[in-house]
Amino acid sequence: MTNDVTERTLSAPDALWPWIDGIEIGAAVDGNAGGDSASSDSASREPFTRVPDTATKVVVRVDQNGHRDTLVVGPRTRATYHTNKRLASCVQVRLGPGTARPLLGVPAVELVGRVVRLGDLPGSSARQLADELRWLEGEDAVGRLMEVLPGRLAGDDGGAGRSRREVLRAAVEALSTGSGHVPSQVRELARRLAVSERQLRNLFAEGVGVSPKHFARIGRVRHVLAHAGSTGWAELAASTGYYDQSHMTADFRTLMGVPPRSFFTGRLPAAQPCQSLGRV
């Protein structure tokens with residue numbers, strides 16, 4: 001029935017910074033007007049890739065039968081490959097580091113690799129948020145988040161909470177891979193932030209869900225995914241912070257399931273916001 005997806009990526013409104021890293025809005029449109037249902041169904045089942053992702057997301061989705069769900073999607077430590085139908089519409093809200101527990105009532109580490117209904121999480125806050133968002137679509141859901149989140153998250157702004165959050169966000173920035181920036185070494189980063197490596201691991205488990213080293217690995221592989229084809233392999237490995245190309249290949253294989261050359265030879269499209277997350 002639906003072949004194409006219109007997709008918009010929004011910057012987090014100032015009122016939601018630093019709790020929200022970004023917002024994606026998608027809506028499926030009929031790209032087979034006048035066509036036969038068989039070709040449409042085939043198009044809707046095209047395979048796709050869900051790449052590793054360190055973010056926890058709140059997702060408001062509507063399937064093609066009009067069924068609505070408000071979900072929490074935890075971090076993905078490895079790529080997965082699917083052939084699922086697309087949804088009718090959805091909003092994906094990427095939570096910032098340290099937001100999972102104050103907003104959802106659980107540490108991020110408990111959500112790794114999981115897709116759960118928001119209303120099934122413990123605590124009244126998650127259930128109330130699920131009820132408020134369930135019937136909203138697109139920018140209406142974003143508007144509602146702008147109204148309710150600052151007040152609900154203000155309780156985490158005490159001295160100790162703010163200090164932990166600031167250390168975590170500084171560590172996330174230092175361990176991220178970007179243009180002209182490679183991740184710091186974890187031991188050196190802990191020393192610079194005046195915390196032990198164990199404390200840093202605990203901060204990441206609570207606020208991100210994965211260890212500092214795995215966070216950096218995912219960032220590197222995502223950087224390779226974004227820049228392969230425009231840069232030679234050896235140069236890409238060096239600019240991403242790998243010791244050499246063989247280390248990059250080994251890391252890529254571990255997280256993506258195949259080596260870089262094989263992946264890009266038969267590359268599947270990355271998942272769009274409105275491609276099904278599967279059953280809950």
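1. R101 has a relative accessible area of 38% and is therefore partly exposed (buried is under 20%, exposed over 50%, partly exposed in between, with a 1.4 Å probe and protein chains only). The model is predicted: local features need pLDDT of at least 70 and side-chain atom pairs 80 or more, while totals for chains, interfaces and linings use all residues. Residues are numbered from 1 along each chain as its sequence is written, and side-chain values use heavy atoms, without hydrogens and water.

2. The side chain of R101 meets that of E206 in a salt bridge of 2.3 Å, N to O (a side-chain nitrogen of Lys or Arg within 4 Å of a carboxyl oxygen of Asp or Glu). The pair links distant parts of the chain, with R101 in helix α2 and E206 in helix α7, 105 residues apart (helices, H or I, of at least four residues and strands, E, of at least two are DSSP runs numbered from the N terminus). E206 is also partly exposed, at 32%.

3. A salt bridge of 3.2 Å, N to O, joins the side chains of D69 and R117. D69 lies in strand β5 and R117 in strand β8, so this contact ties together parts that are 48 residues apart in sequence. D69 is buried, at 8%, whereas R117 is partly exposed, at 32%.

4. E188 and R191 form a salt bridge whose closest N and O atoms are 2.6 Å apart. Both residues belong to helix α6; because they are 3 residues apart, about one helical turn separates them. R191 is exposed, at 57%, and E188 is partly exposed, at 34%.

5. The count of salt bridges comes to 11. A network of salt bridges links D53, K57, R76 and R94.
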